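Here is a short report for a reader meeting this structure for the first time. Please look at the sequence and the model before reading on.

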Amino acid sequence: MKIFSIFGDPVSHSRSPLMHNYVFKSLNIKACYSRTHLSDGSRLRDVFFAKALSGANITVPHKEAAYAQCDEVRGVAKEIKAVNTLVLEKGKLIGYNTDADGFMSAIQSFGEIHNALILGAGGTARALSIALRHGEITPTILNRSRGRLDYFLCEGFECFEWDDFTVKPYDLIINTTSAGLSDNELPVPRPLLMELLEQAKGAIDVIYGKETPYLREVKISGLPYKDGSDMLLEQGVLANHLFLHGKYPIDQIKSAMTRSFSL
Ligand code: NDP
């Protein structure tokens, strides 16, 4: 029996156990997927090995810590410097980032997008900024504080704190902050959000499974919108494909995982 888990703080909201267990059951794979609440991200590697895991997903706020604790990082995660998927390979911890490709699949439905404003500067914002650049969409990053902007400045992205930001038109407004996840906050002050939405073509919140205050405002604005469910599905399919070392076709995994969303 192979064991997988998701690490995060908070982690109780995560749908990943349901999604991955449903795939394992549908494909008759002897494996199970649990949740691990971890407040100290520096213990991630030790806990992974202590639990004898074969793979894991990493959620808020440990993606950068996970990157630092891998034996090897592969693909776009090297550029992002944050990892959301860990796979054990010959006793070594291999890190990947499936958020980037998962997000790009999820925003196809918005049509032609030239630029985007990313709210937040955590691990998810890193993944999305790199993914957008690969997709020839120009990202700008807006965060409430200065601390996490260094990565984006080094990557050559336009970055602002709330205090030094002036509104311009952005095609897509993306909430990657955890505002609204377990509180009732907006990711930016309300007047600023109103101005941004007036000029946008669409909006997305990467949080899923609940209507955040941000998504509530977006709905009122009448813009096309999405929550994080499509991204969750797409990143989960790619992670599961890695967990199973590519032995099962992506389409088969996606069809099983999609069914878990109707449970
Ligand atoms: P991090 O902890 O790495 O980053 C959080 C960011 O949110 C920081 O920039 C932080 O700002 C900002 N922030 C936190 N609280 C507030 C607030 N009240 N107001 C404004 N800004 C705030 O988180 P991640 O990037 O790992 O994850 C972010 C969110 O994305 C989570 O809700 C997670 O569940 C979701 N997610 C969804 C996915 C999906 O598949 N749908 C995939 C990945 C993530 P500061 O720097 O000032 O602290």
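## Basis of the model

This is a predicted model, in which local features need pLDDT of at least 70, side-chain atom pairs count only at pLDDT 80 or more, and totals for chains, interfaces and linings use all residues. Residues are numbered from 1 along each chain as its sequence is written, and side-chain values use heavy atoms, leaving out hydrogens and water.

## Salt bridges

Side chains of opposite charge can pair when their charged atoms come close. Here a salt bridge is a side-chain nitrogen of Lys or Arg within 4 Å of a carboxyl oxygen of Asp or Glu. The count by this rule is 15 salt bridges.

One of them pairs Arg133 with Glu79, with 3.8 Å between the closest N and O atoms. Arg133 sits in helix α6 (residues 123-134) and Glu79 in helix α4 (residues 77-80), so this pair ties together parts that are 54 residues apart in sequence. Helices (H or I, at least four residues) and strands (E, at least two) are DSSP runs, numbered from the N terminus. Arg133 is partly exposed, at 33% relative accessible area. Glu79 is also partly exposed, at 28%. On this scale, buried means under 20% relative accessible area, exposed means over 50%, and partly exposed lies in between (1.4 Å probe, protein chains only).

## Two further pairs and a network

Glu158 and Lys168 form a salt bridge at 3.6 Å, N to O. Glu158 belongs to strand β9 (residues 158-161), and Lys168 to the loop between β9 and β10 (172-175), so the pair ties together parts that are 10 residues apart in sequence. Glu158 is partly exposed, with 36% relative accessibility. Lys168 is partly exposed too, with 39%.

In another salt bridge, the closest N and O atoms of Lys219 and Glu211 are 2.5 Å apart. Lys219 is partly exposed at 37% relative accessibility, and Glu211 is partly exposed at 35%. Elsewhere, salt bridges with shared partners join Glu72, Arg74 and Glu89 into one network.

## Helices α5 and α10

Two packed helices are described by the angle between their axes and the distance between the axes. How do α5 and α10 pack? Helix α5 (residues 99-106) meets helix α10 (residues 229-243) at an angle of about 135 degrees, and their axes are 8 Å apart. That makes α5 oblique to α10. Axes are lines fitted to C-alpha atoms, for helices over the stretch in contact, and angles run from 0 to 180 degrees between N-to-C directions. Angles under 35 degrees count as roughly parallel, over 145 as roughly antiparallel, 65 to 115 as roughly perpendicular and the rest as oblique.

From α5, the contact residues are Asp99, Asp101, Gly102, Phe103, Ser105 and Ala106; from α10, they are Asp230, Met231, Glu234, Gln235 and Leu238. Contact means heavy atoms within 4.5 Å.

## Two buried residues

Leu86 is in strand β5 (residues 85-89). Is Leu86 buried or exposed? Leu86 is buried, with a relative accessible area of 2%.

Asn240 lies in helix α10. Asn240 is buried, at 0% relative accessible area. Not counting residues up to four places away in sequence, Asn240 touches His20, Val23, Phe24, Ile253 and Met257.
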